[in-house]
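Reader: I would like to learn how to read a model like this one. Please take me through it feature by feature.

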Amino acid sequence: MAACEQAAELPGLRRSAALASAAFGASLAELSRTLERDGVGATCIDAVVGCGLAERLGRERSERGDEQLERLRRFCRAARQYEQHAEQPALTDFLAQAALNSGEGDQPVRSLVTLSTLHGAKGAEWDHVQITGVCEGLLPHRRAIERGDLDEERRLAYVGITRARSELTLSWPQRREGRFTNRSRFVAEAGLAGQGARLAA
């Protein structure tokens, strides 16, 4: 955002590009102020209105334009609902949920499979969750083990494990890069070993 606001000082950038970048930076700064002052819902609505997309789609007068406009309305309503029910509303959490839920309703829920990283799964829940690569060297990652800094890796494992409403499956490769692997220490720490969890190597 700072780079956009200082675009006029960047060497080699054409004047038109510098002006557009500066305007973009100013818009982001204003949205940041709206977020602090008015919260997640108002910020999402301001973003939709301020970028001009809603106005352009309204002028299209086409079936596609109407569908996209309705998606924007649902996005804004979802932001308001999220803000009302979240204990600590955060724009990043709402956008992560919106990205994971995008497309829901376009096809029957029973046919959907969601692929997510552990970082991206925060705030979401599913009936059935499968986490792969739950072994030493991957979770926790080898570099974290070498540094002796496992707190963030443990937090990520906890995020993944607690996304499951009814069924959790953890799996890991028997071999990785030609070497035998060991099940992640986090499985035992979470009390899952021998507790009816589905574990597979």
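This is a predicted model: local features need pLDDT of at least 70, side-chain atom pairs count only at pLDDT 80 or more; totals for chains, interfaces and linings use all residues.

Reader: How many helices and strands does the protein chain have?

Author: Start with the definition. Helices (H or I, at least four residues) and strands (E, at least two) are DSSP runs, numbered from the N terminus. Here the protein chain has nine helices and five strands. Along the sequence they follow the pattern α-α-α-α-α-α-β-α-α-β-β-β-α-β.

Reader: What share of the residues in the protein chain is buried?

Author: Burial is read from relative accessible area. Buried means under 20%, exposed over 50%, and partly exposed in between (1.4 Å probe, protein chains only). Of the 201 residues in the protein chain, 25% are buried. The accessible surface comes to about 13900 Å², and carbon and sulfur atoms hold 50% of that surface. Such areas come from the Shrake-Rupley method with a 1.4 Å probe; for residues, only the protein chains shown count as cover.

Reader: What part of the contacts joins residues 24 or more positions apart?

Author: Contact means heavy atoms within 4.5 Å. Take the contacts in the protein chain with a separation of 6 or more: residues 24 or more positions apart account for 60% of them.

Reader: Now a helix pair. At what angle do helix 4 and helix 5 pack?

Author: Axes are lines fitted to C-alpha atoms, for helices over the stretch in contact, and angles run from 0 to 180 degrees between N-to-C directions. Helix 4 (residues 53-60) and helix 5 (residues 63-85) pack at about 150 degrees, and their axes are 8 Å apart. Angles under 35 degrees count as roughly parallel, over 145 as roughly antiparallel, 65 to 115 as roughly perpendicular and the rest as oblique. Helix 4 and helix 5 are therefore roughly antiparallel to each other.

Reader: Which residues make the contact of helix 4 with helix 5?

Author: Helix 4 brings Leu53, Ala54, Leu57, Gly58 and Glu60; helix 5 brings Arg64, Gly65, Gln68, Leu69 and Leu72. By type, the contact has five nonpolar, three polar and two charged residues. The classes are simple: Ala, Val, Leu, Ile, Met, Phe, Trp, Tyr, Cys and Pro count as nonpolar, Asp, Glu, Lys and Arg as charged, and the others, Gly among them, as polar.

Reader: Is Gly65 buried or exposed?

Author: Gly65 lies in helix 5. Gly65 is buried, at a relative accessible area of 0%. Beyond its neighbours within four places in sequence, Gly65 is in contact with Leu57 and Glu60.

Reader: How do helix 3 and helix 5 pack, and with what handedness do they cross?

Author: Helix 3 (residues 40-50) packs with helix 5 at about 165 degrees, with axes 7 Å apart. Helix 3 and helix 5 are therefore roughly antiparallel. A crossing is left-handed if the near helix is turned anticlockwise from the far one by less than a right angle, and right-handed if clockwise. The crossing of helix 3 and helix 5 is right-handed. The contact uses Val40, Gly41, Ala42, Cys44, Ile45 and Val48 of helix 3, and Leu72, Phe75, Cys76, Ala79, Arg80, Tyr82 and Glu83 of helix 5. Its residues divide into ten nonpolar, one polar and two charged. For helix 4 and helix 5, the crossing is left-handed.

Reader: Where does Thr34 lie, and what is it in contact with?

Author: Thr34 lies in helix 2 (residues 15-38). Thr34 counts as buried, at 1% relative accessibility. Leaving aside neighbours within four places in sequence, Thr34 is in contact with Gly39, Ala42, Thr43 and Asp46.

Reader: Which residues of helix 8 are buried?

Author: In helix 8 (residues 151-161), they are Glu153, Leu156, Ala157, Val159, Gly160 and Ile161. These buried residues pack against strand 1 (126-131), helix 7 (142-147), strand 2 (164-171) and helix 9 (185-189).

Reader: Which residues does the cis peptide bond join?

Author: Leu139 and Pro140, with omega about 10 degrees. Pro140 sits in the loop between strand 1 and helix 7.

Reader: What is the phi of Glu177?

Author: Glu177 has a positive phi of about 55 degrees, although it is not a glycine. Glu177 lies in the loop between strand 3 (175-176) and strand 4 (179-180). At 72% relative accessibility, Glu177 counts as exposed.

Notes: Residues are numbered from 1 along each chain as its sequence is written. Side-chain values use heavy atoms; hydrogens and water are left out.
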